[in-house]
Amino acid sequence: MHQFPRRLAGVGGMLLAACLLATPAPAQTASEGLSPTLANIKRTHVVRLGYRESSPPFSFLDHSNRPIGYSLELCEAIVEEIGIEVDDANLKIEYVKVTSDDRIQAVVQNKIDLECGSTTANAERAKQVAFSPLIFVAGTKLMVPKASTISAPTDLKGKTVVVTKGTTNEQAMHTIDKKFSLGLNIVTAPDHEQSYQTLVDGKADAFATDDILLYGLIARHKAQDKFKVTGEYLSYDPYGIMFRKGEPQLKAVVDRTFRKLGSGRDLVPLYNKWFVARLPTGERLGVSISPQLEEAFKVLDDTQGTSN
């Protein structure tokens, strides 16, 4: 079983994420009517959840090709809260496939209501979309063949690195390439599964993406004897559930869901279900919760300090 690093570099990133994700929702200016997303859900009785096909354990397909995962379960809790808000206890869920490349536009263009994947919440993306409170903390690392001597960015000089299109990891590798003058050949694939296959086929020397996704892919493919995750963090990536920007009422519903989960002490058991215990598809990641994420969950607990 791999050892998941319990410390993440990048205090600046932590502060950015704290500011970005903990910003209080603006006061609702109008009590009459529902915000556009909620009004549409009330009218159609449907909530559209964007899912990823190969981002275990956040959002992936089970053996019956049914979308499952940690992020989807969090989204389903938000759907319950939306049902309370729009006074409809029987809302239906429609699952809509998204990729790294089209997920932001799917939210912006009203193709989905919630994006339930493995999406990094950063200041650049927050100009276009809104994010839930923190659901996970990850960082870019490299997956390489077991026999590879690559362990640091400088070992990549002149090498081919595959990244998944539209990810923060793609940006991180371009930054690393310029910083160390590596002359990298950076190739892209449409999703993590195809990126993994590029490495398997020997068409790349390394696959760069968030460490937890690399561990998930290795576990899923039972490839512990073929590949390893190596090196220091090359970026800092706080994950959140994505939804439309500029809808204070929807943001309030999302935040309220997380406060309820936090106050009910439901978040850590939910984390353990997907990251520590065996997955419905049979594999086990065995990744203990990081101190940063555990602290972020505690902050969501409205009952903290009220019983003293």
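This note goes through the aromatic contacts of a predicted model.

1. Residues are numbered from 1 along each chain as its sequence is written. In this predicted model, local features need pLDDT of at least 70 and side-chain atom pairs count only at pLDDT 80 or more, while totals for chains, interfaces and linings use all residues, and side-chain values use heavy atoms, with hydrogens and water left out.

2. The structure contains twelve aromatic pairs, where rings of Phe, Tyr and Trp (its six-membered ring) pair if their centres lie within 6.5 Å, and planes under 30 degrees apart count as stacked, over 60 as edge-to-face and the rest as tilted. For F136 and Y271 the ring centres are 6.3 Å apart and the planes are at 10 degrees, so this pair is stacked.

3. Because F136 lies in strand β8 (residues 136-138) and Y271 in helix α9 (residues 267-275), the pair ties together parts that are 135 residues apart in sequence; helices (H or I, at least four residues) and strands (E, at least two) are DSSP runs, numbered from the N terminus. Both F136 and Y271 are buried, meaning under 20% relative accessible area (1.4 Å probe, protein chains only).

4. Y196 and F227 make an edge-to-face pair, with 5.8 Å from centre to centre and 70 degrees between the planes. This pair links distant parts of the chain, with Y196 in helix α6 (residues 192-200) and F227 in strand β13 (residues 227-230), 31 residues apart. Y196 is buried at a relative accessible area of 4%, and F227 counts as buried at 9%.

5. F58, Y70, F136, Y239, Y271 and F275 are linked by ring pairs into a cluster.

Conventions. Buried < 20%, exposed > 50% of the residue type's maximum accessible area, 1.4 Å probe, protein only.
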